[in-house]
Amino acid sequence: MSLSLSRRRAFLLALEIGTPILVVVLWYALSANSTSFYFPPLSRMLDSFKDNWLFARFSSDVIPSLVRLILGYVISVAVAVPFGVLLGLSPTARRATSPIVEFLRAIPAPALIPFGIVVMGIGNTMKIFIIVMVCVWPIMLNTIDGIRAVDPQLIDTAKAYRTGTWDRLRYVILPAAMPQIFAGMRTSLSLAVILMVISEMVASTNGIGYFVLQSQRTFAIPDMWSGIILLGLLGFGLNVLFGIFESRALAWHRGARSAAR
């Protein structure tokens, strides 16, 4: 039984690794003789990728983009989780703020870029603000739902043992809500990458999004594709790192589910 399970896991791992490699090989082979101006051979894209990102423009474009992305995401988590906990615990506060929350999260973040440029300029502050205005809502709403979904019996049991409010929140409520909170954080991470690119395309003098747009405007199509490939690799890498962090942070949760089965 265990041998069969090990073989199945090895097969799935090989499939997960082999499929992207096969796609790249096919793309490379099928595009080798391409004469299209807009879809050059993959070999030309990879040459542009090497020339631009290993490491000529790394400090001038990649690092500023990562700084904006990380700061915006961290601020979103730091704001959304406490407010989500507060609104999840208090029906009165949740009902009072619900119209405001629904109104603000309904505003498309790109529509705020003109306001951000007028008030904050085209520097990092505006771009971080746009990222926060998008990322904060999935985290906050998932935190609220996670807090509300905590089993009341857990809370009643903690109260029966005369557990303090802070300890009850720290050791009972937050751990039970963590899977839902992490789901919101994963969603917001993808949104942070998207808004980082949009804000850099609209108003910026550096960054990956700025580079992609300028390459398109100057008809440097292989350079444009190299930036797009970099963004895909960046999103994939961030998702993998988040998955590792999530699996370690929620290892107890998976263990408890396995034991329950």
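1. Helices (H or I, at least four residues) and strands (E, at least two) are DSSP runs, numbered from the N terminus. The structure is a predicted model, in which local features need pLDDT of at least 70 and side-chain atom pairs count only at pLDDT 80 or more, while totals for chains, interfaces and linings use all residues. Residues are numbered from 1 along each chain as its sequence is written, and side-chain values use heavy atoms, with hydrogens and water left out.

2. Backbone geometry. Most residues other than glycine have a negative phi, and most peptide bonds are trans. The peptide bond from leucine 54 to phenylalanine 55 is cis, with omega near 5 degrees. Phenylalanine 55 belongs to the loop between H2 and H3. Phenylalanine 219, although not a glycine, has a positive phi of about 60 degrees; this residue lies in the loop between helix H9 (208–217) and H10. Buried means under 20% relative accessible area, exposed over 50%, and partly exposed in between (1.4 Å probe, protein chains only). With a relative accessible area of 54%, phenylalanine 219 is exposed.

3. Packing of H3 against H8. Two packed helices are described by the angle between their axes and the distance between the axes. Helix H3 (residues 58–89) and helix H8 (residues 165–202) pack at an angle of about 145 degrees, and their axes are 8 Å apart. Axes are lines fitted to C-alpha atoms, for helices over the stretch in contact, and angles run from 0 to 180 degrees between N-to-C directions. The H3–H8 crossing is right-handed; a crossing is left-handed if the near helix is turned anticlockwise from the far one by less than a right angle, and right-handed if clockwise.

4. Residues at the H3–H8 contact. Contact means heavy atoms within 4.5 Å. On the H3 side the contributing residues include Ser65, Arg68, Tyr73 and Leu89, and on the H8 side they include Leu169, Arg186, Ser188 and Glu200. By class, the contact of H3 with H8 has 15 nonpolar, two polar and three charged residues. Here Ala, Val, Leu, Ile, Met, Phe, Trp, Tyr, Cys and Pro count as nonpolar, Asp, Glu, Lys and Arg as charged, and the others, Gly among them, as polar.

5. The largest pocket. On a 1 Å grid over the protein atoms alone, a pocket is an open set of points where a 1.4 Å probe fits, with protein on both sides within 12 Å along at least five of seven lines; lining residues have an atom within 4 Å of a point. Grid points are joined across faces, edges and corners, and a volume is the space filled by probe spheres set on the points. The largest pocket holds about 320 Å³ of space. Its lining consists of Pro20, Val24, Trp27, Leu42, Leu46, Phe49, Ile228, Ile229, Gly232, Leu233 and Phe236. Helix H1 (2–30), helix H2 (42–53) and helix H10 (221–249) are the elements that give two or more residues to this lining, and H10 gives the most, with five. By class, the lining has 10 nonpolar, one polar and no charged residues.

6. The second largest pocket. This pocket has a volume of about 160 Å³. Among its lining residues are Gly88, Leu89, Arg94, Arg148, Lys159 and Arg168. The elements that give two or more residues to the lining are H3, helix H6 (124–148), helix H7 (152–160) and H8. The lining has five nonpolar, one polar and four charged residues.

7. Not counting residues up to four places away in sequence, serine 31 touches Pro40, Pro41 and Leu42. With the neighbours within four places left aside, proline 41 is in contact with Ser31, Ala32 and Ser34.

8. Separations in sequence and space. Leucine 66, in helix H3, is partly exposed at 24% relative accessibility; leucine 66 and glycine 207 are 141 residues apart in sequence and 8.7 Å apart in space, C-alpha to C-alpha. Glycine 123, in the loop between helix H5 (113–120) and H6, is 77 residues from glutamate 200 in sequence and 9.8 Å from it in space, C-alpha to C-alpha. Proline 41 and aspartate 145 are 104 residues apart in sequence and 48 Å apart in space, C-alpha to C-alpha.
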